[in-house]
Structures are given as C-alpha cells and as structure tokens.
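Please keep the sequence and the three-dimensional view at hand while reading.

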Amino acid sequence: MNTEFALPVAPKSINFAALAYLISAVVPLVWSVALIAGGDYPIPAGTSPEQADLIMKMSAVFSVVPLILYLWLVVKLRAGRGWARIVLAIFAVLHVTALFGPTAGVAEYVGLALALAGLVLSFLPESNRYVVDVKAVR
C-alpha cells in the first residue's frame, strides 16, 4: 500500500518572511562593505594601520557569518520547520541590540524593520497552518 503524501506548498507569508529575514542579514553586510570601500569605516582614534585593517576584516567576517546562518534558517523556514521560525524570531528580537552599538545607523534600522516584518509574517495564521501541515505530513 503506497501512502505517500505531498508536502504543502509554502504560502506567500512564509516566502515574504524568508525574503525579509534574508535581506535583514544582507543590509548590514552591504553597508559594511560600502563603508570599507569608501574609506568611511569608523576606526577609533589612536588605532595603528594594522589594527584598523584587522578591525575591518573582522567586521566583514562578522557580517558574513550571520548571513550564512540566516540563509540556512530561511531554507528551513521555507521547508516548514517550526524550530527555524522560533530561532529567527529570537534573532529578530535580538536585532534590537544593534541599535545600541557605537556605529548604529540607517542600516541597523532597516535591518531591524525587515527582521520584524519577517517575524510578523512568519507567525500569520496561514504561516501557522503551513508549519502545522508540514509537521503532520512528516
């Protein structure tokens, strides 16, 4: 007896949430690269050129790592994994802390707005139904 079930199709709310979360991770990376390329990256006074170079490289690394993590979580969110939705929600709330950093600016506010949009979209009724339906099929 063949009892295969097709997985439900991700609703628009999940797709838009995934896109919002992903862009919220891309914005700080692009902003950091633009600052570094333009020579406007804020370096503390009295920093040696070697230290300044290290600060800029570490900034790039600390922007790429979250992007990779977000990409993985977004794939899992689109697959209907409830735990990915919760982890992304926690990250969205933690995104608020970026507003209190020494270099908080437009990129942090845009990233926060997108992360919060992803949070809301991923918990809309049709998103909830999708996650429950995927769990029932698995």
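Helices, of at least four residues, and strands, of at least two, are runs assigned by DSSP and numbered from the N terminus. On that basis, the protein chain of this predicted model has 5 helices and 0 strands. The points below proceed from the whole chain to pairs of helices and then to individual residues.

**The chain as a whole**

- Read along the sequence, the elements of the protein chain form the pattern α-α-α-α-α.
- The radius of gyration of the protein chain is 19 Å, whereas the globule rule gives 14 Å for 138 residues; the chain is therefore more spread out than a compact globule.
- The C-alpha trace of the protein chain spans about 70 × 25 × 20 Å along its principal axes.
- Among the 138 residues of the protein chain, 28% count as buried.
- Of the contacts in the protein chain with a separation of 6 or more, 70% are between residues 24 or more positions apart.

**Helices H1 and H2**

- Helix H1 comprises residues 12-38, and its axis comes within 9 Å of the axis of H2, with a crossing of roughly 170°.
- Angles over 145 degrees count as roughly antiparallel, so H1 is roughly antiparallel to H2.
- By class, the residues of the contact of H1 with H2 comprise 18 nonpolar, 5 polar and 1 charged.

**Helices H2 and H3**

- Helix H2 covers residues 49-78 and helix H3 covers residues 82-94; their axes come within 8 Å and cross at roughly 140°.
- H2 and H3 are therefore oblique to each other.
- The crossing of H2 and H3 is left-handed.
- On the H2 side, the contact is made by Leu69, Tyr70, Trp72, Leu73, Val74, Lys76 and Leu77. On the H3 side, it is made by Trp83, Ala84, Arg85, Val87, Leu88 and Phe91.
- The contact of H2 with H3 includes 11 nonpolar residues and 2 charged residues, with no polar residues.

**Val74, in helix H2**

- Val74 is located in helix H2 and is one of the residues of H2 that make the contact with H3.
- Is Val74 buried or exposed? Its relative accessible area is 7%, and Val74 is therefore buried, since buried means under 20%.
- Apart from residues up to four places away in sequence, Val74 touches Ala18, Tyr21, Leu22 and Leu88.
- Val74 and Leu7 are 67 residues apart along the chain, and their C-alpha atoms are separated by 17 Å.

- Ala92 belongs to helix H3, and Ala92 is buried, with a relative accessible area of 0%.
- Which residues does Ala92 touch, not counting residues up to four places away in sequence? They are Tyr21, Leu112, Ala115, Leu116 and Leu119.
- In sequence, Ala92 and Leu19 are 73 residues apart; in space, they are 14 Å apart, C-alpha to C-alpha.
- His95 is situated in the loop between H3 and H4, and His95 counts as buried at 12% relative accessibility.
- Neighbours within four places in sequence aside, His95 is in contact with Ser24, Tyr70, Glu108, Gly111, Leu112 and Ala115.

**Leu114 and Ser122, in helix H4**

- Leu114 is found in helix H4, which covers residues 106-122.
- With a relative accessibility of 23%, Leu114 counts as partly exposed, because that class lies between 20% and 50% relative accessible area.
- Leu114 is in contact with Ala20, Tyr21, Ile23, Ser24 and Val27, leaving aside its neighbours within four places in sequence.
- Leu114 and Pro125 are 11 residues apart along the chain, and 19 Å separates their C-alpha atoms.
- Ser122 also has its place in helix H4; Ser122 is buried, with a relative accessible area of 0%.
- When residues up to four places away in sequence are not counted, Ser122 touches Ile14, Ala17, Tyr21, Leu77, Arg85, Ser127 and Asn128.

Conventions:
Residues numbered from 1 in each chain as written. Predicted model: local features only at pLDDT ≥ 70, side-chain atom pairs only at ≥ 80, totals over all residues. Heavy atoms only, no water. Axes fitted to C-alpha atoms, helices over the stretch in contact; angles between N-to-C directions. Parallel < 35°, antiparallel > 145°, perpendicular 65-115°, else oblique. Left-handed = near helix turned anticlockwise from the far one by under 90°. Contact = heavy atoms within 4.5 Å. Nonpolar A, V, L, I, M, F, W, Y, C, P; charged D, E, K, R; others polar. Rg over C-alpha atoms; globule rule 2.2 N^0.38 Å. Buried < 20%, exposed > 50% of the residue type's maximum accessible area, 1.4 Å probe, protein only.
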